[in-house]
Each structure stands twice: as structure tokens, then as C-alpha cells.
Amino acid sequence: MKTIAVLSCAILALSGQPRAVNAQEYVAGMFSDFGMGIQQVHLAQGKDYSTMVVSWLTAYEAPTIVRYGTKLRKLDMTATSTDVVQYTAFNTTSGYIHHVPLRDLKPSTTYYYLIGETTNQDGSASIRYFTTLPKVGKRIKNFQLAVAADIGQSNDSLLTIDHLLQDPDPAMLLLAGDTSYADCDPQRWDTFFNFMQPFAEQRPMMTLAGNHEIEFDNTTGVATAFQAYINRYRMPEVRPTEINCPFQPTTCYPSVYTSCYDYGNSYYSFDAATVHVIMLNSYTSIDESTPQYNWLVKDLASVNRRKTPWVVVMTHSPMYNSNQAHQNESLAMQAAIEPLLMRYKVNIVIAGHVHAYERTYPVYQNVVDYKDGITYIVAGAAASRWGHASKYISPIPSWSAVRNGTQYGHGKMTFHNDRRMTWAWYRNLDGEKILRDEIKICNTAKGLPVSCGKINAKRTKLSKFNPGRALAPDLHSTEPVEATTATKAVKA
């Protein structure tokens, strides 16, 4: 087999410094790591800064080992693992998926790492790097997290990835489900992780289960679901995966579905500096009798708001959505957990599923509440191959502040201090990252009213960005974002 020499996002260059590789350069066909068969490299954050999981795939059995260290030319630590999995779905057996946790890491530290034990054909080593999170509770001015959902593998997805790569500030990417859009084609899981590798090998990619991760395997008659999602990701689990009811074969990716898939990658939480992030599963039951609900109650009650004053919750299916697509699919979840989110003063709730962007005013039980309400975001416009969800219900609900169903983009949270954060949404257009919506949010857990002023949107460009010739021309609408004019209905 012809060996393809590929420079991944971080390489050992002649200067001895890592070099960033544009996603366009990577997707052009460079998928294998110097002929060693290592591909699909991606990182997952542990419960805090002290653990990072390195995952990759090989076509054949190979050592599950990572050499790493804080000096580029001195990888003096070694981590091994027995967590090597293969799975069969749709009459196809995956490659060997390796997961190695690196533990006892120092906060705010850059680590260099080498997968496997073999050097490249020229004797050099394909060395990657990542930087750990700050210590939990550490006050970092303008700490940032990137947000996307329904990302897929399109030319528009490539723009989103390039924008993320060109922005060095977000510590990680939070993905609110519907990642690969494999849709029962197992090879698309492989292309997705190669597609994401330029970002995911240097910054964690934290995800949750969307409906396109369900994938019922009707080709073999085996009643299973979430199989690729369970095997390919390693989120910071509460305890090992439990599946307590049989999956019944139906369509490949049902929009509404309930299962008994608990723990593992299904729902979990972690701490990032002063932020506590909670990932929930919209496709596993969450009424008061369920494990997910009881775990959520305990998790919210355990948050130390002195150390992590901010609480972010993510789901796939949105609880507030004025798009015609996927209306009323999360009523059960909303009824069960919205009072909990309000009681524990959650700051922002982010979802995907709807291929559009929407932001609410602070709201509780469909009533705008500028004092104590929660801001809800639909961020499902990362670039799904299924296109835009451009039709909205009328009249506009009183809680809907901004919505855009014609442009792709991604979001970013900036935590300025314990009291104030900013949510921003950027659209992808003509090789530029254009700010279309930005809002300040104050922390109700600190006794402040949630609404503390809107920031004017502005147009910003990425430095030295070139979308590349292989991208299709932008054919999407360039109409401005729609800011709704709902009447303020302040709850007493």
C-alpha cells in the first residue's frame, strides 16, 4: 500500500515548534499518519484538568500506548490501556479503537504526546500537543468555550472547523449531538473523525447523544443503538454504560425516541476552570423515576458555586424552539427538569437538533423573566448535510429574541469573571467569521438579574484565512439575522 505522509495539526517541524495545519489541507486526502495506520485522533476531557483521554483508530492490532511530556524533545511519561474495542454494525467491523487516559496532569500546562512506539519513516516523530484546563476554581479572565451542534461533514462543516482552528482562545468544543451524520453508514464514522482531527487532536471535543447517533441496525436483525457513539467516544463517565431495556428496531435515526441507555457517554458532567458543564441525553427517559433525573438532581446539588459559579447545561433536542422543525419534541424533558434548572440557577441551556440558530430572552415556563430566567440557545446550524430549517411558527413567541434559519455558524461562551459572561454566535460566510448575535448574561447565582445589556453585533474577520479552492461557492442566503420584537413580559 502506498504510504501517505501527512502533517497533522501538530508536528515536529524543523524549528522544533508545532505548526497548525488548515483543515482544508487535511481533508484534501491526508488521513493516515506516516503510514503507521494511526488515524482519527481525538481528545476528550476528564472530570477536570487532571485527565485527558487520547483516542485513535488503527486498521490492525497495535500497541495502545501514549508517550508524553511537557517538553517537546523529552517525552518522559508513558500511559497504556486495555481499552481497545471493535464493534460490528451493518455487516461491517470497525477498526481497532484505542482509548488511553493520561492522568495526574498539571493545570494550564502544554503537553506533547506521541501515539504508539514507532517513529516515522524519516526517523522523526509525529508529535501532537494539547494544553490542559486551568485548575478548577481558578479565576481566568475571559475563559472561552466553543459551541456547535449538528456539524456533519459538508463544505459548510469545513468552514466551521476552519473558524474553530483559527481561533486559539476556546479551550474545547462542546458539541450538542448529531456529530458524524453517519446515518447507518459505518464508513462515515471513520471519515468524520478524520474530518475533525485537525481540531480534535489538540483540543477536547465533548459531545452528547443526538438522534443521528441512534442508528438502529436492521441489516443484521440485532436490536441495538448508539453502538458507534458508545464505542468511539470516551466522555468522563459517572460509571460504566448500562442498557436496561432492549432497543427495538425501527428507522435509522428517529427524531423522537426514548431508551434506557444510562451512564457512560449518555450523560455526564465536568469542570472547566469556573464552569460546570452538564451533558444530558434527550433520548433516554428523564422523569422523576429514572436514573438520569436522579443523577441530575445529585449533580446540580453538588455544584460548588464558589469554585464553579457558572453552570452550563446541554441537550440535543431543544426545550424552547420557535422553528417549525421538531416542534414539541422535548415537552417531557422540559416538564421534568425546567424547575430543577431554575431552582439551581443554571445560567444557559444549549441545544441542537433544529438546523437553525435561536436565542431566547431569559425565560421560565414560557414567561420572560429578566431577573431570574434562563437563556436558551438553539445552535444546530453548524452545517448538517440536511440543510437549513428556515421556516418559523407565527406569531413569534414572547420569549424568542433572535433567530436565523438561513445561515450556518457556531457559538462561543466567554466567562469574564464570576458575575458576567458573554454568549456570541458567528455565521460562516465567504471565508469570514462574522459576528451576528452577542449578549451579556449576568450570574443569578451571585444575586444579579440575568439581563444586563445587549452588545451590538459587529463584523469581524479571521486573520490569514483562506477557504481554499476545493470549497463550493457559498449559495446560502446572506440576509441579516432576525431580531424579534417580542414585548417584554417581566415576571414579578
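How many bridges join strand β9 to β10, and do the two run parallel or antiparallel? Let's find out, keeping in mind that this is a predicted model.

## Strands β9 and β10

Four bridges connect strand β9 (residues 110–115) with β10, and the two run antiparallel. To see one of these contacts, look for T110: its bridge partner in β10 is T131.

Now follow the side chains along strand β10 (residues 128–131), where they alternate.

Strands of a sheet pair through backbone hydrogen bonds, either parallel or antiparallel. In this model you can find an open sheet of four strands in the order β1-β2-β8-β5, with antiparallel pairing. At its edges stand β1 (39–45) and β5 (84–85); each has a single partner strand, so one side of each is left without a neighbour in the sheet.

The partner of β1 is worth a look. Strand β2 (residues 52–58) is joined to β1 by five bridges, and these strands run antiparallel. Among the residues involved is A44, whose bridge partner in β2 is V53.

## Salt bridges

Searching the whole structure turns up eight salt bridges. One of them is between the side chains of K412 and D167, at 2.7 Å from N to O. K412 belongs to strand β25 (residues 409–415), whereas D167 sits in the loop between α2 (155–166) and β12 (173–175), so this pair ties together parts that are 245 residues apart in sequence. Are these two residues buried or exposed? Both K412 and D167 are buried.

Another salt bridge links E242 with R239, whose closest N and O atoms are 3.0 Å apart. Here E242 is partly exposed, with a relative accessible area of 25%. R239 is also partly exposed, and its relative accessible area is 40%. A further example joins the side chains of D372 and K371, at 3.5 Å from N to O. D372 is partly exposed, with a relative accessible area of 26%.

Which residues form a positive surface patch? They are R306, R419, R420, K440 and K446.

Take R420 as an example from this group. R420 lies in strand β26 (residues 420–429). With a relative accessible area of 35%, R420 is partly exposed.

Terms used: Residues numbered from 1 in each chain as written. Predicted model: local features only at pLDDT ≥ 70, side-chain atom pairs only at ≥ 80, totals over all residues. Heavy atoms only, no water. Patch = residues over 30% accessible without salt bridge, like charges linked within 9 Å, V, L, I, M, F, W, Y side chains within 5 Å. Areas by Shrake-Rupley, 256 points an atom, 1.4 Å probe, with all protein chains shown as cover. Salt bridge = Lys/Arg side-chain N within 4 Å of Asp/Glu carboxyl O. Lys, Arg positive; Asp, Glu negative; His and termini not counted. Charge placed at Lys NZ, Arg CZ, Asp CG, Glu CD. Buried < 20%, exposed > 50% of the residue type's maximum accessible area, 1.4 Å probe, protein only. Pairing = 2+ DSSP bridges.
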